[in-house]
Amino acid sequence: MTEERNTYIVRCGEVALKGQNKPYFERMLVERIKKVLKKFEGIEVKRVEGLIFVKTPADLSKDLVLKNVGRVFGVDSISPAVEIDISEGDAEAILDRIGHAAVEYMQKLIEEKGVKTFKIDAKRANKQFPVESPQIGRIIGAKVLIGCKVLSVDVHHPDCVLFVSVRRGLAYVYEQKVAGFGGLPLGTNGKGLVLLSGGIDSPVAAFMMAKRGMWIDAVHFHSYPYTSDRAWEKVQDLAKIVSQYCGRIRIHSINLLPIQEEIVRNCPEEETTILVRRFMMKIAERVARETDCLMLITGENLGQVASQTAEALVVTDASVQMPVMRPLIAMDKVDIMKIAREIDTYETSILPYEDCCTVFLPKHPATKPKLQRILESESRLDCETLIGAALENRETVTIYPED
Amino acid sequence: MFVYLDNSSTTRQHDCVTDLMVKMMRDDFGNPSSLHRMGVTAEKALKSARKQTALSLGVGENEIYFTSGGTEGDNTAVFGAWEAGKRAGKKILTSAVEHPAVLEACRRLERLGAQVVYLGVDREGRIDLQQLKDELTEDVILITVMHVNNELGTVQPLEEIGKLKREAEKRWGTRILFHTDAVQSYGKGPVETDRWGVDILSVSGHKIHGPKGIGALYIRSGVHIPSLVWGGGQEKGFRSGTENMPAIAGLGLAAEITVEGREERIARLRELKARLLSGIEDSLPDVRVNSPLGEDCSPSILNVSFSGCRGEVLLHMLEQKDIYVSTGSACSSHKKGSHVLSAVRLPDEAVEGAVRFSLSEYNTEEQIDFAVKELAAAVESQRKLRSAFGKKKR
């Protein structure tokens with residue numbers, strides 16, 4: 001047995017499909033895992049034959065490690081495992097040692113969870129090992145039965161499946177496969193700018209893009225003094241939660257009120273919301289260009305509100321050149337809420353503060369706006385000057401994940 | 001210019017109060033229950049604060065108990081009166097415009113079997129005395145009505161309530177406890193527990209330029225209600241918990257300060273309030289004064305609705321100019337409105353556009369004039385925008 005260290009097997013999911021890029025993605029993933037565990041001492045992260053092994057001091061809580069590593073995008077699953085040194089001895093002695101470890105492991109499981117039935121799932125990853133996988137399974141299974149009198153084998157519905165993995169020089173015994181989020185490691189897919197409101201949707205949109213390996217920055221629009229400072233506080237709180245997954249987020253906060261006032265004074269009431277959204281997109285596009293973001297991200301969802309009907313989305317989308325990612329476009333609200341609860345943004349999102357869009361809500365918003373008409377209304381405004389002024393007065397705040 | 005017009009929400013401590021509290025925290029930090037010298041010093045300070053507080057209320061020192069504030073005082077009174085009286089009767093009379101510290105306690109008692117009548121009020125927030133008289137039946141054990149309403153400034157007719165209470169007691173041969181929440185009136189008018197016939201009265205420190213988290217409860221000697229907080233037996237066993245000495249000392253000093261020059265201070269507050277009101281009425285059309293006028297209203301509270309505006313937006317516009325006010329209205333579609341403004345049946349638009357100004361002795365004429373000017377500009381700009389919205393059609 002190795003010294004007092006805890007071992008975790010971390011499996012890369014999709015990262016493994018990347019072919020030539022596989023080493024690059026694996027390296028990125030190792031970096032991310034190291035970063036997230038930086039706050040703890042004595043951590044070791046290593047790539048071995050397509051898997052990543054994390055070693056921690058024995059007194060570091062398993063739950064803490066699982067929670068932290070589980071948040072790293074690119075991780076498919078994690079298994080807390082027992083590592084056995086099999087560099088010396090013949091096959092029989094090795095299997096003895098593995099058996100011994102397996103028995104100890106099962107005894108602990110019996111104590112903790114009261115398991116009664118089990119099955120062994122053995123794999124010989126090192127093809128040089130003289131005993132084949134099914135045989136390994138039978139041998140270890142027998143040893144466990146002898147060592148743990150209360151257990152019996154059930155190959156169909158066992159209380160627990162004990163995995164045995166025989167590799168080069170080391171073997172592993174584990175029972176859990178804790179699911180991660182999957183996805184791709186942060187930093188492997190450029191940077192995007194999310195339009196972050198205080199609502200339920202935009203944080204989820206940001207999360208989903210980050211999950212595919214994209215860094216996230218954000219732009220937030222407010223209408224102070226028509227919206228309150230508390231709403232801005234809430235947005236920063238939300239960003240803090242999202243940053244736990246996406247890393248550092250820079251938020252650009254922009255006062256939309258002067259633009260809204262101009263729109264109200266010069267354009268038809270029913271077009272207010274669409275016009276405002278187009279300005280938001282244009283401003284976001286500028287910010288994105290300035291900050292090397294490749295695309296915009298919104299939480300738009302088809303049909304959810306008047307400004308997100310198909311026709312309205314067409315008009316909104318036409319306002320910018322940059323690609324706009326809308327990861328929630330085809331999801332149902334309940335599914336969006338489910339993710340929001342999973343990533344812990346839901347409670348903060350639904351707190352009751354107004355956002356800039358609800359401040360000037362037309363009584364009968366246009367649900368099927370025509371681009372031609374909208375462009376005509378827009379032409380009554382000095383868009384360049386308005387956008388320039390809004391950008392000039394922006395406030396930028398950097399949000400770091402908790403240390 | 002920093003203009004703070006939200007004194008009914010909280011006040012800035014007098015500097016001398018803050019200094020005293022810091023001294024207590026730094027140097028005289030003993031526990032009054034300790035047997036050694038430091039405890040004795042602390043106990044002396046406790047006695048002195050109690051004396052100052054009692055004097056400011058015109059009551060006996062043995063009738064003052066220190067609490068964590070107005071809310072605890074109200075809770076103690078309501079729950080205590082219930083416990084003491086529930087065998088004799090189950091009915092409680094209160095008003096629809098009480099502070100939540102009273103209302104929520106009453107609602108809790110309803111779940112425990114009490115019958116609570118929330119007396120209606122007129123358009124200016126004054127309780128309906130006829131309804132009170134009619135409801136004063138044999139099984140009433142408690143009347144709890146606040147002295148001054150925090151949102152509108154309405155002064156309730158405590159003396160009349162006291163009279164009706166005594167008549168009822170004589171008629172039915174019962175004992176009715178009379179409690180008043182005097183948090184908003186403390187320091188801004190005389191407290192006359194005997195003339196009003198009030199048995200229990202709650203006040204708090206942070207409305208009289210004293211500290212937050214501290215208050216006092218007056219309980220007429222001879223009146224016995226059970227405690228709310230049990231433990232080591234402080235406050236003659238009535239309110240356990242190590243005394244918050246810095247805050248108690250601060251409260252005592254602030255209480256003492258309210259006594260000196262009270263009449264002049266009140267007159268000055270009335271003047272400033274009048275200046276504010278006339279300034280508003282002279283600069284703006286379509287304003288509705290929700291507070292009662294004259295003596296029926298607190299000298300420091302003025303509640304006004306500005307049509308075509310949202311109170312919270314005015315609040316933020318004013319705060320941009322370093323002027324601080326309050327609203328009783330909801331800010332977004334998610335929050336409920338003020339229960340006081342609904343009880344006086346204020347129309348929705350007026351509720352939405354309501355702003356509360358509450359003054360203190362630290363406000364000046366210059367500040368008032370500045371606030372009026374900025375307020376007028378804010379109201380006009382909001383009204384203009386609102387009227388432009390909806391003008392442009394295809």
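Visitor: Let me start with one residue: where in chain A does Asp292(A) lie?
Guide: Asp292(A) sits in the loop between helix H8 (272-290) and strand S13 (295-297) of chain A. Keep in mind as we go that this is a predicted model.

Visitor: Got it. What is the phi of Asp292(A)?
Guide: The phi of Asp292(A) is positive, about 60 degrees, although the residue is not a glycine. For background, most residues other than glycine have a negative phi.

Visitor: And is Asp292(A) buried or exposed?
Guide: Asp292(A) counts as exposed, because it has 11 C-beta neighbours inside 10 Å. The cut-off for exposed is 12 or fewer.

Visitor: Now the peptide bonds. What is the one from Tyr224(A) to Pro225(A) like?
Guide: That peptide bond is cis, with omega near 5 degrees.

Visitor: Where is Pro225(A) found?
Guide: Look in the loop between strand S11 (215-222) and H6 of chain A.

Visitor: Since you mention H6, how do the axes of helix H5 and helix H6 of chain A cross?
Guide: Helix H5 (residues 201-211) and helix H6 (residues 229-246) of chain A have axes that come within 10 Å and cross at roughly 15 degrees. H5(A) and H6(A) are therefore roughly parallel to each other. The crossing of H5(A) past H6(A) is right-handed.

Visitor: Which residues meet there, between H5(A) and H6(A)?
Guide: From H5(A) you have Pro203(A), Ala206(A), Phe207(A) and Ala210(A), and they meet Leu238(A), Val242(A), Tyr245(A) and Cys246(A) in H6(A). By class, this contact has 8 nonpolar residues, with no polar and no charged ones.

Visitor: Nice. Let's zoom out: which domains does the assignment give for chain A?
Guide: It gives domain 1 (5-181) and domain 2 (191-399) for chain A. Taken over C-alpha atoms, the centres of domain 1 of chain A and domain 2 of chain A are separated by 44 Å.

Visitor: And how is chain B divided?
Guide: Chain B has domain 1 (15-259) and domain 2 (261-388). The C-alpha centres of domain 1 of chain B and domain 2 of chain B are 29 Å apart.

Visitor: How many residues are in contact between domain 1 and domain 2 of chain B?
Guide: There are 19 residues of domain 1 of chain B in contact with 22 residues of domain 2 of chain B. On the domain 1 side, the residues touching domain 2 of chain B divide into 7 nonpolar, 8 polar and 4 charged.

Visitor: Last topic: why is helix H10 of chain B largely enclosed by the rest of the structure?
Guide: Because 7 of the 10 residues of helix H10 (residues 311-320) of chain B are buried. Among them are Val313(B), Leu314(B) and Leu318(B).

Visitor: What do the buried residues of H10(B) pack against?
Guide: They pack against strand S10 (301-306), strand S11 (323-324), helix H12 (348-352), strand S12 (354-358) and helix H13 (365-388) of chain B.

Visitor: And which residue with a positive phi follows H10(B)?
Guide: That is Asp322(B), with a phi near 70 degrees. Asp322(B) is found in the loop between H10 and S11 of chain B, and counts as exposed with 12 C-beta neighbours inside 10 Å.

Notes:
Residues are numbered from 1 along each chain as its sequence is written. Chains are lettered from A and ligands numbered from 1 in the order in which they are written. This is a predicted model: local features need pLDDT of at least 70, side-chain atom pairs count only at pLDDT 80 or more; totals for chains, interfaces and linings use all residues. Domain bounds come from an automatic or database domain assignment. Two residues are in contact if their C-beta atoms, placed from the backbone, lie within 7 Å. Ala, Val, Leu, Ile, Met, Phe, Trp, Tyr, Cys and Pro count as nonpolar, Asp, Glu, Lys and Arg as charged, and the others, Gly among them, as polar. A residue is buried if 20 or more other C-beta atoms lie within 10 Å of its own, exposed if 12 or fewer, and partly exposed in between; C-beta atoms are placed from the backbone. Helices (H or I, at least four residues) and strands (E, at least two) are DSSP runs, numbered from the N terminus. Axes are lines fitted to C-alpha atoms, for helices over the stretch in contact, and angles run from 0 to 180 degrees between N-to-C directions. Angles under 35 degrees count as roughly parallel, over 145 as roughly antiparallel, 65 to 115 as roughly perpendicular and the rest as oblique. A crossing is left-handed if the near helix is turned anticlockwise from the far one by less than a right angle, and right-handed if clockwise.
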